[in-house]
Amino acid sequence: MKHVGPHIGQVGVEDSGFKNLKTVYWNHPPEALYQEAIARGEGKVAKNGPLAVLTGLHTGRSANDKFIVEDDTTRDAVWWDNAAAMSPEKFDILYKDFMDCAQGKDIFVQDLFGGADPAHRLPTRVFCEYAWHALFIRYLLRRPEKAELEGFAPKFTVINLPSFVADPERHGVNSQTVIACNYTKRIVLIGGSSYAGETKKSVFGMLNFDLPAKGVMPMHCSANVGPDNDAAVFFGLSGTGKTTLSADPSRTLIGDDEHGWSENGIFNFEGGCYAKTIRLSAEAEPEIHATTQRFGSVLENVMMDDDTRELDFDDTSLTENGRVAYPMDYIANGSSTGIAGHPKNIIMLTADAFGILPPIARMTPAQAMYHFLSGYTAKVAGTEKGLTEPTATFSTCFGAPFMPRHPSVYGNLLRDLIARHNVSCWLVNTGWTGGRYGVGSRMPIKATRALLAAALDGSLNDAEMRTDTNFGFEVPLALAGVDAKILTPRETWDNPHAYDEQAGALVQMFIDNFEKFEDYVDIDVREAAPVLRAAAE
């Protein structure tokens, strides 16, 4: 077995069960990984030097192929309504077959940290079959200093072999793809998928399992901080503007996707960003767009002209989920530490395709917990095969696939932290106004930014507010530079009665979705539920 690069930690590949590997590439820097990826035909060089790769069959996470090992560690701790179980015996067979599959292969190893806070970070070792996967995860996790590598001992391991073919009968899985999480052995196996997001979400899942027991809140969110150390957290599902709105040139970006909230404040789990590129423009999102024109950025499933190497961010023929991965220092205002104080504001983002929710609303702590557990947004026609009408999506905690414990665990943690640190909470709708999708128009980004800026600097707290009839939260009546009409969505509809009908339908969706949480929350959270307009009148 040949070794290339510095391995100066305490644990070798043999300790993980590998044998008869061809070459092990230890902790290669980005330039070397880029070179290896090109030499191996894993990707192509796009204009200005980013690495463009395609992931084949899987252009997103394979949710139906994810399993958690059910054992004494997880049996009473995991929210099994939201997770598929694998037996320890099947995992052991799968692990042995992974080790057999790896024999004779080159393997790229990266020793990294999940988490910027030294008190709560997770030393993680990632084994990759592809050089570009190693480059990706080196960007997305925290990179140790050389001195930290000298005593590096992994507490969590991810093994990613895209060439592995799972056997449903032998391994107890659903297809030839598998993501198997063993929280006792602290190992995740990823096979049969080249989508790089599986690796980073595996680390997120481990942290989401570990941290609540320490009183630390793991969050699927972006975060930034102003010049007065006034940190803000942005919760939101894909497509709601989480990355776009947190990348504010007037504030320092802590991170765009995954954070913890501890006794010390908030901290990024990651060391880079993984931003969506669909319809990306230099005008609307200059900071993110600039990273797609830099050497070393990883462009995943972004369409490119093979002759000119020009990128086409409007081409959705392959997927709506094109991405760019890059280290934090590719953003001019990116945080070097990944750490900030306790947040002053929490923003919950939704893209309401029904045109009902106002562009911004102030929530009580009980309302914030209600909307956090609900995790509402809406998908629009064309984003998924067969989708022809707007569809409500409720993903609890704004990240249900990555939250192994019951949502009430995270909800109660968040509520306690909001109360302890007197945090202001806002619901921001980046979706539609003037009617549902197909009739109305997208909420103006300038209005969203103006309202958000006023919330973050505290001035919106002094605005005159109305109480929303359906949802009960407070909505500002006016803000300089913003068309007051959009602050009252009913007035933006040509037919107010059609608005009432659609609002009633959305309220009922919230009520139906929340039934499964009612036994786990206090009465004030239950009373924070929206009410049907007809019932309120």
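Helices (H or I, at least four residues) and strands (E, at least two) are taken here as DSSP runs, numbered from the N terminus. The views below come from a predicted model, in which local features need pLDDT of at least 70 and side-chain atom pairs count only at pLDDT 80 or more, while totals for chains, interfaces and linings use all residues. Residues are numbered from 1 along each chain as its sequence is written, and side-chain values use heavy atoms, with hydrogens and water left out.

**View A. The largest cavity, with helix α6 in its lining.** Let us start inside the protein. On a 1 Å grid over the protein atoms alone, a cavity is a set of points where a 1.4 Å probe fits but cannot get out, and lining residues have an atom within 4 Å of a point. This cavity holds about 70 Å³ of space, a volume being the space filled by probe spheres set on the points, which are joined across faces, edges and corners. Around the space sit Arg-61, Ser-62, Ala-63, Lys-66, Ile-179, Glu-198, Lys-201 and Ser-202. Helix α6 (residues 197–210) supplies the largest share of this lining, three residues.

View C. Now for an open space: a pocket is an open set of points with protein on both sides within 12 Å along at least five of seven lines. Of the 17 lining residues, Arg-142, Arg-143, Glu-145, Ser-336 and Thr-337 lie nearest the centre. The lining has six charged, six polar and five nonpolar residues.

**View D. Helix α9 against helix α10.** The axes of α9 (residues 365–374) and α10 (residues 407–421), lines fitted to C-alpha atoms over the stretch in contact, come within 10 Å and cross at roughly 150°. That makes α9 roughly antiparallel to α10, a label for angles over 145 degrees. Where heavy atoms within 4.5 Å count as contact, α9 residues including Met-369 and Phe-372 meet α10 residues including Tyr-410 and Leu-414. Nine residues of this contact are nonpolar, three polar and one charged.

Definitions and conventions
Axes fitted to C-alpha atoms, helices over the stretch in contact; angles between N-to-C directions. Parallel < 35°, antiparallel > 145°, perpendicular 65-115°, else oblique. Nonpolar A, V, L, I, M, F, W, Y, C, P; charged D, E, K, R; others polar.
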